[in-house]
Amino acid sequence: MKQVRDIVKLHSDMGLSIRKIQGATGVAKSTVADYVKRFKELGLSLEQIETLDDDALRLQFFPECSSVVVSSKAMPDMNYLHQELKRRKKTKVTLYLLWEEYRLDNPDGYGYTQFRVYYRRFKKKLNLSMRQTHLAGEKLFVDYSGLTMPIYNQRTGEVDYAQIFVAVLGASGYTFVHATHSQKQEDFIYSHVMCYNFFGGVPRVVAPDNLKSAIISNNKNGIVVNESYANLNCHYGVAVEPTRPRKPKDKPKAEQGVQAIQRFILAKFRHHKFFSVDELNKAIAQLLDGYNNKIIKHLQQSRTELFNELDAPYLNPLPQNNYVYKQFKIARVNQDYHITLEKCNYSVPFQHIKEGVEVRYSTQSVYIYHKHKLIATHPRLRRVGETSTLHEHMPSEHQYVNEKMNPDRLRSWAKSIGEYSSVFVEDAFDEVEHKPNAYRKISAILSLAKRYGKIELELALMYAVGIKTIKTKSIKSILDKKLYLSTSANNITPTKQSLFNNHTNIRGADEYR
């Protein structure tokens with residue numbers, strides 16, 4: 001209709017002849033003449049022409065061939081129809097039934113054929129993530145974000161990367177996000193347990209990607225689900241329907257959810273340092289509600305509102321107990337009445353030294369059994385070399401030593417030797433997260449005062465601070481070789497600033513030459 005508007009404007013506004021209009025527009029002379037004739041017959045002004053949209057203008061100029069029908073019939077509420085059809089598995093509602101209800105309220109409304117046409121046009125206008133019609137409470141899509149988050153180790157300075165688990169309900173788009181240490185099976189399963197608790201119910205189907213923690217194989221020969229993942233979903237009564245390999249369109253909700261979470265949540269952490277996965281999860285939780293409460297423009301509702309309306313009423317109830325993922329290992333109790341599990345140490349009652357025990361461990365806890373009897377329970381340790389020792393597992397003489405050996409006693413012992421001994425004790429405590437892990441090292445060094453003398457130990461520790469080492473073997477070597485008496489030792493100024501080496505009365509190595 002742009003051509004009609006241009007010809008009418010050139011004729012009415014600029015007063016050009018039909019021949020000149022033909023030259024300006026390139027439209028055939030007969031066509032120009034026909035448009036001008038129709039314009040004059042209509043008796044419309046140029047201003048009136050401008051106020052009409054293309055459909056109305058076409059109806060005015062070409063009533064004999066116009067397909068546009070201006071109707072006063074009530075248009076059905078397409079959002080309502082779309083939401084009702086999502087529930088059809090539970091409610092058995094059909095489009096025909098919805099049309100009948102529409103005609104009860106609007107006796108002069110559209111017929112069923114036109115009703116269907118308008119609904120199909122509405123569906124085509126929705127974005128890709130909404131073109132799939134997901135039934136309420138039916139399917140959960142899960143995936144990992146390609147964007148990971150750095151986790152900084154305050155003690156060593158090392159950087160690990162947390163994996164971001166994203167789960168999205170199909171009907172409402174309601175989203176759950178959880179950070180874990182890895183994508184390994186135990187973390188993957190733990191994220192599912194947290195996810196179902198977050199939703200307060202269980203969907204009928206879960207659609208994971210084809211990572212090995214969930215699916216062993218997915219090909220023309222069939223789908224083989226990982227045994228532990230199958231046990232998890234059996235516990236919750238959920239069917240597993242993995243997406244096809246390398247077919248991201250099979251899980252558009254998950255793809256959209258991952259992208260949105262990266263932009264709305266993870267991008268906001270780009271200038272923030274996290275020192276543990278738990279700290280990261282707390283930060284995610286503070287932003288997740290805001291994401292779920294954000295209004296979706298084309299639906300004019302938030303994901304939370306859609307969840308309460310669509311998914312929540314149709315989710316299956318949670319089982320009475322959470323699923324606990326456990327692994328099993330046979331271990332032998334060491335001479336120090338500890339067993340070693342993934343490079344961490346856990347105590348057992350000392351009576352079981354050198355005996356075989358069964359270890360059952362989850363992401364959160366470690367259970368140790370002897371002849372099917374539970375003999376010890378510990379929280380799961382993560383850092384290599386960490387030790388969990390329960391006081392009641394020690395023999396009586398060790399309990400006495402443990403009670404006798406404490407941070408205050410060691411600090412007092414170091415203070416009786418000298419200032420650098422006190423500095424050494426504080427450095428040793430700072431080096432470990434659990435102070436009892438430093439007792440043995442501190443006792444070994446402070447005991448050297450009996451063998452070499454307090455002054456010699458103080459000089460050796462001052463030398464050790466200067467070369468930035470507090471290793472037991474290095475300090476013994478300094479004492480044996482008397483390195484603190486060398487010229488280089490006398491010129492050392494300790495670089496570590498602390499409460500102790502700022503005092504004006506501290507004597508240096510020169511006092512003992």
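Predicted model: local features only at pLDDT ≥ 70, side-chain atom pairs only at ≥ 80, totals over all residues.

I then looked for a partner. Arg-380 forms a salt bridge with Glu-186, and their closest N and O atoms are 3.2 Å apart. Arg-380 sits in the loop between strand 16 and strand 17 while Glu-186 is in helix 11, so the pair ties together parts that are 194 residues apart in sequence. Glu-186 is also buried, because its relative accessibility of 8% is under 20%.

I searched the whole structure and noted 8 salt bridges.

Next I took Arg-411, which is partly exposed at 29% relative accessible area. Its side chain meets that of Asp-408 in a salt bridge, 3.8 Å from N to O. Both residues lie in helix 17, 3 residues apart, or about one turn of the helix. Asp-408 is exposed, at 57%.

Arg-411 also has a salt bridge with Glu-426, at 2.7 Å from N to O. This pair links helix 17 to helix 18, where Glu-426 lies, and the two residues are 15 apart. Glu-426 is partly exposed at 22%.

I noted one network of salt bridges, which links Glu-84, Arg-87 and Glu-309.

Last, I checked helix 3, residues 29-42. Which of its residues are buried? I listed Val-32, Tyr-35, Val-36 and Phe-39. They cover an arc of only 95 degrees around the axis, so they are on the same side of helix 3. Ser-30, Lys-37 and Glu-41 are exposed on the other side. Gly-43 follows helix 3 with a positive phi, near 70 degrees.

Methods
Residues numbered from 1 in each chain as written. Heavy atoms only, no water. Helix = DSSP H or I, 4+ residues; strand = E, 2+ residues; numbered from the N terminus. Expected span 1.5 Å × (residues − 1). Buried < 20%, exposed > 50% of the residue type's maximum accessible area, 1.4 Å probe, protein only. Arc of directions from axis to C-beta. Salt bridge = Lys/Arg side-chain N within 4 Å of Asp/Glu carboxyl O.
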